[in-house]
Amino acid sequence: MRDQTSAPAAVPRRPPQPPGTAPHAGTRPGAHPAEPDPVGPDPDAQPPAGTAPAPPVGTAPAPPATRPLGERRLWPRSFADRLTTPMPGLRAYARLAREGAFRPGPDGLRGIPDLPCAPAPLPVLAPGTSCVTWAGHASWVVRTGGLTVLTDPVWSRRILATPARMTPVGVPWEDLPPIDAVVISHNHYDHLDAPTLRRLPRHTPLFVPAGLGRWCRRRGFTRVTELDWWEAAELGGVRFDFVPAHHWSKRTLLDTCRSLWGGWVLTDTRSPAPRKLYFAGDTGYGHWFAEIGRRHPGIDLALLPIGAYAPRWWLRDVHADPEEAVRACTDVGARRMAPMHWGTFVLSAEPVTEPLERVRAAWDRAGLAREDLWDLPIGASRCW
């Protein structure tokens with residue numbers, strides 16, 4: 001579906017602009033499946049606080065003060081100034097249509113029965129430990145600091161304009177413990193699934209990118225916290241930091257880059273040795289990883305996307321390939337990596353089992369300890 005596969009063409013990356021700058025004037029919206037979603041002013045919105053200046057390069061800055069939970073804020077109309085590369089133009093779309101290479105051929109689909117899927121009950125946690133369980137795609141059940149957090153929850157069998165799941169959801173919905181919070185990386189349909197969110201109590205705290213709060217509140221959610229890059233909020237002893245990604249946002253024909261995109265660093269702040277997890281969401285490879293590692297040293301585990309990368313000329317700017325994911329893991333300084341964003345939906349042209357084969361080879365070539373690559377089957381868990 002184009003929410004995932006319509007990517008900026010391969011052009012030189014332009015330097016990032018600071019929060020609050022004017023939108024990039026040359027941005028082209030692409031054609032995407034529409035979900036009618038009326039837009040109107042938020043009468044309760046309050047203007048955001050100013051952004052602190054960046055610290056000198058090479059130093060780890062002090063963590064920013066946390067924002068209030070559920071704060072109503074006024075955001076720019078567009079976040080197109082945050083794009084790493086311009087949106088694709090007509091020539092790129094014409095080439096994609098001409099080549100038609102946005103799904104695997106028959107040989108690439110033959111590996112579906114071999115996709116690793118091993119659903120199992122959630123393990124019992126020992127005091128002071130954290131645990132991740134891969135439900136499929138970018139959906140994880142994260143248990144840390146006494147909270148159960150879902151990342152980009154998609155429990156639907158299919159998403160708009162995309163074939164049905166190749167593998168079942170790793171954790172049946174009825175087997176989930178009570179959900180204490182949900183983090184959303186961006187508004188593409190394979191990361192923001194309205195039917196799944198409708199299953200949640202409307203008082204469930206949602207942590208979402210800037211500009212996405214109105215969408216959530218219109219669906220009845222009452223505890224929605226929107227954050228800009230490098231901002232944080234805290235819930236029940238877990239700190240939620242929103243960090244940049246090399247991606248974009250779009251859900252309807254008229255909302256290109258109207259909300260932000262990014263990843264999340266979750267930190268158990270109450271443990272004597274705080275556990276820190278980085279959920280990258282959906283992202284290409286680029287300079288933000290090193291900056292995330294500088295500002296958030298000591299990441300224990302990085303959940304990084306390795307799939308939906310072919311054809312490379314079309315997707316390289318917004319979807320990391322397996323080799324780039326390994327580089328991103330070392331850039332952020334994470335001790336361990338758990339691959340995601342593969343083996344669930346057919347979103348691009350690479351053979352369905354290729355991401356796992358390539359990430360294992362890249363990890364080995366990098367000389368990293370095999371036990372630190374948590375290449376889990378869907379439904380499996382790992383604790384630390």
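Six strands build an open sheet of mixed pairing, ordered β7-β8-β9-β10-β11-β12. Strands here are DSSP E runs of at least two residues and helices are H or I runs of at least four, numbered from the N terminus; two strands pair if DSSP finds at least two bridges between them. This is a predicted model, where local features need pLDDT of at least 70, side-chain atom pairs count only at pLDDT 80 or more, and totals for chains, interfaces and linings use all residues. Residues are numbered from 1 along each chain as its sequence is written, and side-chain values use heavy atoms, leaving out hydrogens and water.

- At its edges are β7 (231–235) and β12 (336–340), each pairing on one side only.
- β11 (residues 301–305) runs parallel to β12, with five bridges between them.
- Within that pair, Leu304 has Pro339 of β12 as its bridge partner.
- Helix α8 (residues 322–332) packs on this sheet, touching β10 (276–279), β11 and β12 (contact means heavy atoms within 4.5 Å).
- The direction of α8 makes about 150° with that of β11, using axes fitted to C-alpha atoms, for helices over the stretch in contact, with angles from 0 to 180 degrees between N-to-C directions.

**The seven-stranded sheet**
- Here the order is β6-β5-β4-β3-β2-β1-β13, again open and mixed.
- β6 (224–227) and β13 (381–383) each have a single partner strand, so one side of each lacks a neighbour in the sheet.
- β1 (residues 131–136) and β13 are antiparallel and share three bridges.
- Val132 sits opposite Arg382 of β13.

**Confidence**
- The chain averages a pLDDT (the predictor's confidence in each residue, from 0 to 100) of 87, and 85% of the residues score at least 70.
- Residues 1–56 have a pLDDT below 50.
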